[in-house]
Amino acid sequence: MKKCDLYYIASARLPTEKANGCQIVKMCDAFSRIYREVRLIVPSRVNHGRAKEFGDIYDFYGVEKRFEIKVIKTPDFLPFFRKAAIPYVESLFFILQENIFAKKSVAYLKDREKALVFTRSKRVLKALVSGGINSKHKIIYECHKLTARETGLLVNVQKKIDMIVAITNALKRDLVSSGVSGEKILVCPDGTDIGKAQSAPADIFDPALEKELAGKFIIGYAGSFFDWKGVATLLRAAKYITDDCRVLLAGGPHREFRGMMRSAGVEKSGKIRYMGYLKPRDVFSFIKACDLMVIPNSAANRTFSKYSSPLKLFEAMACGVPVIGSDLPGVSEIIRDGENGFLFRPDDFRELAGKIMGLKGNPAGLKQAAAAAAKEVSLYSWDQRAKTIFDALE
């Protein structure tokens, strides 16, 4: 197996500020230490987000050029459907883009020698199994959520693929109950780069802010501001923490931050600071500057509340920073309350605030939980994740 090539087909525009881009690139980097040659196949569409000015994917994600990036030329309809501003039209254009990329990627693979093909795109998977290459290549599909269409697809094509990687046990249970063979499924949560986490310096990136934060108890959040991320819960909790605490938010756009502040009724709070967007390679430094990291995922969205495997959870564990997170499957499968981290009832901002204040007054408990998590994080490195998948295939 080690002598074969691996193709990772990713329909995401890279680089991107979304977590999926980091996971894709880091896994390619990890796979490159196992397989003979690794190629990441991506569409040529332009990234229209905040990451568009960063052209070098390797530098953006802080990885060496151990794997090749193959760009498949595909049309970019995004500027057109953004002007249309009609959700239905936008969805159609998005599906069309992905289908074109999927078919071109499969055409690229047809002339390649036998290899392992890895993807997390259901449209790419459909093109792979219907494109006549499944007898030539081994196919692995990484499942991150479960919709009715995705469930139907996996039930129908499971005999034609070699493995389904589920990122949580809850996801595997639902796959099995839907008719997918449990023997096909490997549970493998997301991971982190332990070496880079341990070597990163603690840094707030703003000397004036760093001076202001001296002596304060720093509560951190890094990630997008989507509703299911539960950032609003953290903002509301800020009303009930003492003035010697500061909440630092990094990740989402400033306009969304202002809107959340207004909605939470904390727009004039002096306890909350917006840190802007962080490059993936700078996230570890931000985490290490915090006393406590919060993973406040909401239970309101059934898909993400059940199936999300938060990267920031593993990144904080690797940095030796204690974590408090929502008591949801993707978090509670990793965190044991009071042992290697802390849990609170999802969307309950009062309980979150109370637990934060209790932990602030218990530095020994914070240190003990962080140390326990740091000992376990070796199970969740990108390299270990790649090895687990390789061993299961063997």
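Two strands are taken to pair if DSSP finds at least two bridges between them. Helices (H or I, at least four residues) and strands (E, at least two) are DSSP runs, numbered from the N terminus.

**View 1. Strands β9 and β10 of the predicted model.** Strand β9 (residues 245–251) runs parallel to strand β10 (residues 272–276), and four bridges join them. Val-247 stands opposite Ile-272 in β10. Together with helix α11 (residues 254–264), β9 and β10 form a right-handed β-α-β unit; right-handed means that, with the strands pointing away from the viewer, the path from the first strand over the helix to the second runs clockwise.

**View 2. Helix α1.** The 13 residues of α1 reach 18 Å from the first C-alpha to the last, close to the 18 Å expected at 1.5 Å a residue (1.5 Å times one less than the number of residues). Because 11 of these 13 residues are buried, α1 is largely enclosed by the rest of the structure (buried: under 20% relative accessible area, 1.4 Å probe, protein chains only). Among the buried residues are Gly-21, Ile-24 and Phe-31.

**View 3. Surroundings of Leu-40.** Beyond its neighbours within four places in sequence, Leu-40 is in contact with residues including Tyr-8, Leu-14, Ile-24, Val-25 and Phe-67 (contact: heavy atoms within 4.5 Å).

**Notes.** The model is predicted, with local features requiring pLDDT of at least 70 and side-chain atom pairs counted only at pLDDT 80 or more, whereas totals for chains, interfaces and linings use all residues. Residues are numbered from 1 along each chain as its sequence is written, and side-chain values use heavy atoms, leaving out hydrogens and water.

Notes:
Buried means under 20% relative accessible area, exposed over 50%, partly exposed in between (1.4 Å probe, protein chains only).
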